[in-house]
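Thank you all for coming; I would like to walk you through one protein this morning, beginning with the whole and then turning to two of its parts. Please have a look at the sequence and the model before I go on.

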Amino acid sequence: MRTLTLGNTGPRTSALGLGCMGMSALYGEADRTESIATIHAALEAGVTLLDTGDFYAMGHNEMLIGEALRSAPAARREQALTSVKFGALRDPDGGWSGYDGRPAAVKNFAAYSLQRLGVDHIDVYRIARIDPDVPVEETVGAIAELVEKGYVRHIGLSEVGAGTIRRAAATAPISDLQIEYSLISRGIEAEILPTVAELGIGVTAYGVLSRGLISGHFTRDRKLAANDFRAMSPRFQGENLDRNLDLVEALRKIADQKGVSVAQTAIAWVLAQGPRHGASIVPLVGARTRARLDEALGALDVTLDAADLAAIEEAVPAGAAAGSRYPDSQMAHLDSEH
Ligand SMILES: NC(=O)c1ccc[n+]([C@@H]2O[C@H](COP(=O)([O-])OP(=O)(O)OC[C@H]3O[C@@H](n4cnc5c(N)ncnc54)[C@H](OP(=O)(O)O)[C@@H]3O)[C@@H](O)[C@H]2O)c1
């Protein structure tokens, strides 16, 4: 497994991380046994970075990871890095009711996460969305106190723009920014990527398959549960979906020529962007089964030369996606989009 250091001050991690969200929430039913087998298979393959959020099914995802870590061989468990998001407030009925980044709340969230994960420290800790009522310096300052006490090793950010990145970095060392980045979500290239490259901050890229849309496996007739994020995502609706799947077919032609899958091509494209932009970029793949994980890991063996990258970007030009990456109500919470 290739490894790299996240930014100037972050941990050394596998070149691909495993995003565990879909094992508990947002993408419909998941199989618990297969989820744990997938985490074990990832650790066995040398994937060290496991990403979660305390609000993914209200602690369910952290407890799942905790169980997987407890039942993994000690050597694998010790290599694992936990990357945890906090701050989103939930209702018992599954609703979302804002964000809390107050220092006392940060410490409270962390105390519960440590218990659910069954670990004595969290490797990277970050607020999922900025709390508009709390200056980022206060939230990051509270995590810095947790670092001093040994409960957290590194401070991350999530979905914030260049101005907030600079303020956070002036408060404490930042290991990485977690943000959506894929062939069809390239908004970070204008200002955010140059900023993190300048400041020596890494990127953990999520949605590299645009939540399955550009995986090559998503079909027009796929039925989505009402609580599936994609049932509300503009990119998965009606004509937008048709246009986006046309882009996937254009990408498939290139993948076929190279003898690799569409998902591998899309992940390999993100892997190729780190050296291009002078930043350490680690794609978080949202595999929920060992078969999807195997496919994703295959991306590490795909080499894209300049001609391949040009062909891919001709097939899927920047800005070609139909529909925004979140519904309007959720776009409003993205500091990175303002
Ligand atoms: N910071 C943030 O705001 C934020 C937001 C969202 C996510 N995240 C993190 O980023 C992680 C990754 O995000 P994501 O799950 O949206 O990413 P993704 O990898 O773009 O999408 C995962 C979806 O792609 C499908 N897929 C098809 N082929 C795949 C393959 N070979 N490998 C992996 N997935 C494949 C999966 O389908 P099936 O399982 O249905 O087959 C799954 O539904 C999350 O788990 C979470 O930890 C962070």
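How many helices and how many strands does the protein have? In this model, which is a predicted one, there are twelve helices and twelve strands. The radius of gyration is 19 Å, close to the 20 Å that the globule rule gives for 338 residues, so the protein is as compact as a globular protein of that length. Its C-alpha trace spans about 55 × 40 × 40 Å along the principal axes, and 48% of the 338 residues count as buried.

Let me turn to strand S5, residues 81-86, where six of the six residues are buried, so that the strand is largely enclosed by the rest of the structure. In a regular strand, the side chains alternate between the two faces of the sheet. Here Leu81, Ser83 and Lys85 point one way from S5, while Thr82, Val84 and Phe86 point the other way. What are the partners of S5? Strand S4, residues 49-53, runs parallel to S5 and is joined to it by five bridges, and strand S8, residues 122-127, also runs parallel to S5, with four bridges.

After H7 comes Gly200, which has a positive phi, near 70°.

Key:
Residues numbered from 1 in each chain as written. Predicted model: local features only at pLDDT ≥ 70, side-chain atom pairs only at ≥ 80, totals over all residues. Helix = DSSP H or I, 4+ residues; strand = E, 2+ residues; numbered from the N terminus. Rg over C-alpha atoms; globule rule 2.2 N^0.38 Å. Buried ≥ 20, exposed ≤ 12 C-beta atoms within 10 Å, placed from the backbone. Pairing = 2+ DSSP bridges.
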